[in-house]
Amino acid sequence: MSASRAAATTFPGSNREYDREIKDIADYVHNYKISSDLAFDTARWVFIDTLGCGLEALRFKSCVNQLGPVVEGTVVPNGTRVPGTPYVLDPVNGAFNIGAMIRWLDYNDCWLAAEWGHPSDNLGGILAVADWISRTNRAGGKLVGGKILTVKDVLEAMIKAHEIQGVLALENSYNKVGLDHVVLVKVATTAVVSKMLGLNEQQTADAVTQAWVDGQSLRTYRHSPNTMSRKSWAAGDACQRAVNLALKVQRGEQGVPTVLSAPVWGFYDVLFKGKKFQFQRPYGSYVMENVLFKVSYPAEFHSQTAIEAAKRIHAQLKERGKSAEDIKDVTIRTHEACVRIIDKQFKPMDNFADRDHCVQYMTAVMLVFNRLEATDYTDGGEAATSELVESLRKRIKCVEDPQFTKDYHNPDMRTIPNALTVYLNDGTVLEEVVVQAPLGHKQRREEAKPEILAKYQRHLSPHYDQAKVKELVSLGTDAKTLENMAVDEYMDKYVKDKMDW
């Protein structure tokens with residue numbers, strides 16, 4: 001994105017004008033060198049954490065039911081391996097499988113700005129393509145010149161996918177026009193897998209235009225009255241579409257050069273109320289360096305600090321000889337995004353997807369049980385059927401604090417503040433508990449690393465014996481060895497002969 005390149009919107013040998021926003025993405029993917037040690041170190045932690053989240057999702061039958069080949073029994077020679085399963089799939093369906101696993105429990109990393117999202121969702125497409133290319137070439141294939149990709153190649157693709165998704169989200173709200181953030185997963189994954197597949201810069205731009213012209217997901221499946229499990233596989237769907245589009249361009253499909261700006265028919269006029277994207281910064285490695293790890297709780301990220309505050313309050317109540325039964329009501333002082341996404345004080349909790357996107361429910365579970373686990377969202381579970389949780393949920397209200405909202409958007413802070421004030425039945429008002437940044441925020445990154453590793457180990461343990469768990473944990477913390485390992489050899493370490501279900 002140098003000044004000399006910024007003057008041109010055509011590619012060498014072509015007279016077609018491309019939207020500047022499209023050309024900048026292709027330029028970044030092909031020409032920007034990632035030199036940040038912090039970005040690579042963070043990407044490694046994101047990599048193992050994300051794989052762990054996918055494995056944890058395999059403990060839930062609702063996730064497992066979405067996985068596998070389209071036609072039962074199909075095995076693709078030298079295809080993508082799906083971690084924790086026996087499946088060997090084509091890279092398009094492999095991207096869906098891995099992407100759906102990663103996202104299922106809402107426990108992978110997070111990026112919060114004008115738009116929200118989970119940049120590690122892109123790993124679904126990146127890992128599927130990298131594994132397939134490497135296995136095919138090891139078997140004598142000539143994809144991308146016969147190259148065997150390494151884990152470092154995957155990490156670099158992750159850094160760039162994080163950056164594309166995150167920078168496009170900084171100043172541009174897709175949710176405010178009713179679109180789901182997975183459009184950015186589709187765009188970012190398309191861009192980086194295009195380069196992995198050997199497409200040139202113009203072809204990468206063409207593939208990215210196809211991602212923008214593709215019909216975009218409505219956000220309605222994340223909100224009342226339609227909250228449902230599609231939100232758990234939407235990112236997998238985006239990864240699947242991205243890989244499919246890149247492969248189509250590889251086979252000669254053209255692009256749509258002014259897909260964003262074309263009057264009447266372009267993305268801006270059709271889906272963005274005529275506004276153009278705004279940019280706070282050029283593409284680099286800022287997003288990976290500042291990404292948020294979801295360490296403590298499998299919960300929508302805007303609630304993390306509220307749940308942490310609730311845990312502290314549970315301890316205070318216990319010290320006083322009291323419990324959640326002694327609470328009259330609770331006020332959560334919060335930021336605007338929390339109010340808009342997960343403030344569901346009186347909305348009935350219809351399903352798993354409703355509960356893990358309701359700040360009142362999650363806070364109430366912590367206050368009642370001193371825990372918040374993925375199983376607490378399940379229909380018929382102890383938390384979901386608790387009369388006390390339901391009663392308390394309806395007595396927890398959210399109030400926006402404008403300063404919290406400013407801090408949330410401040411590029412030098414990007415905190416996700418929540419503050420809880422608890423009123424007891426005997427008239428006592430507990431001192432407000434404020435948590436500015438959750439564990440996993442850049443401000444608390446070093447504090448979080450042991451917890452991230454423990455989380456990864458916890459997610460491995462139900463699937464593998466102790467020796468395998470020890471091997472994978474050790475490998476995950478050995479940067480040089482991990483980065484130099486071939487992708488297919490690394491993925492083989494996660495193979496299982498049969499499903500646990």
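Reply: Let's start with disulfides, where a pair counts if the two cysteine sulfur atoms are within 2.5 Å. Keep in mind that this is a predicted model.

Me: How many disulfides does a search of the whole structure find?
Reply: The search gives 0 disulfides.

Me: Which cysteine sulfur is closest to that of C110, and how far away is it?
Reply: The one in C53, at 12 Å, which is too far for a bond.

Me: Is C110 buried or exposed?
Reply: C110 counts as buried, because its relative accessibility is 2%.

Me: Changing topic to helix packing. How do α13 and α16 cross?
Reply: The axes of α13 (residues 304-319) and α16 (residues 359-369) come within 8 Å, with a crossing angle of roughly 25°. The two helices are therefore roughly parallel, since angles under 35 degrees count that way.

Me: Is that crossing left-handed or right-handed?
Reply: The crossing of α13 and α16 is right-handed.

Me: Which residues meet there?
Reply: From α13 there are A306, I307, A310, K311, I313 and H314. On the α16 side they meet V359, M362, T363, M366, L367, V368 and F369.

Me: What is the split into nonpolar, polar and charged?
Reply: The contact of α13 with α16 has 10 nonpolar residues, 2 polar and 1 charged.

Me: How many residues of α16 are buried?
Reply: 10 of its 11, so α16 is mostly covered. Among the buried ones are Q360, Y361, A364 and V365.

Me: What happens just after α16?
Reply: N370 sits there with a positive phi of about 60°.

Me: What is the accessibility of N78 and V144?
Reply: N78 has 35% relative accessibility and counts as partly exposed. V144 is partly exposed as well, with a relative accessible area of 34%.

Me: Last one. Which residues does a cis peptide bond join?
Reply: S224 and P225, with omega about 5°. P225 is in the loop between α9 (201-213) and α10 (230-250).

How values were computed
Residues numbered from 1 in each chain as written. Predicted model: local features only at pLDDT ≥ 70, side-chain atom pairs only at ≥ 80, totals over all residues. Heavy atoms only, no water. Axes fitted to C-alpha atoms, helices over the stretch in contact; angles between N-to-C directions. Helix = DSSP H or I, 4+ residues; strand = E, 2+ residues; numbered from the N terminus. Parallel < 35°, antiparallel > 145°, perpendicular 65-115°, else oblique. Left-handed = near helix turned anticlockwise from the far one by under 90°. Contact = heavy atoms within 4.5 Å. Nonpolar A, V, L, I, M, F, W, Y, C, P; charged D, E, K, R; others polar. Buried < 20%, exposed > 50% of the residue type's maximum accessible area, 1.4 Å probe, protein only.
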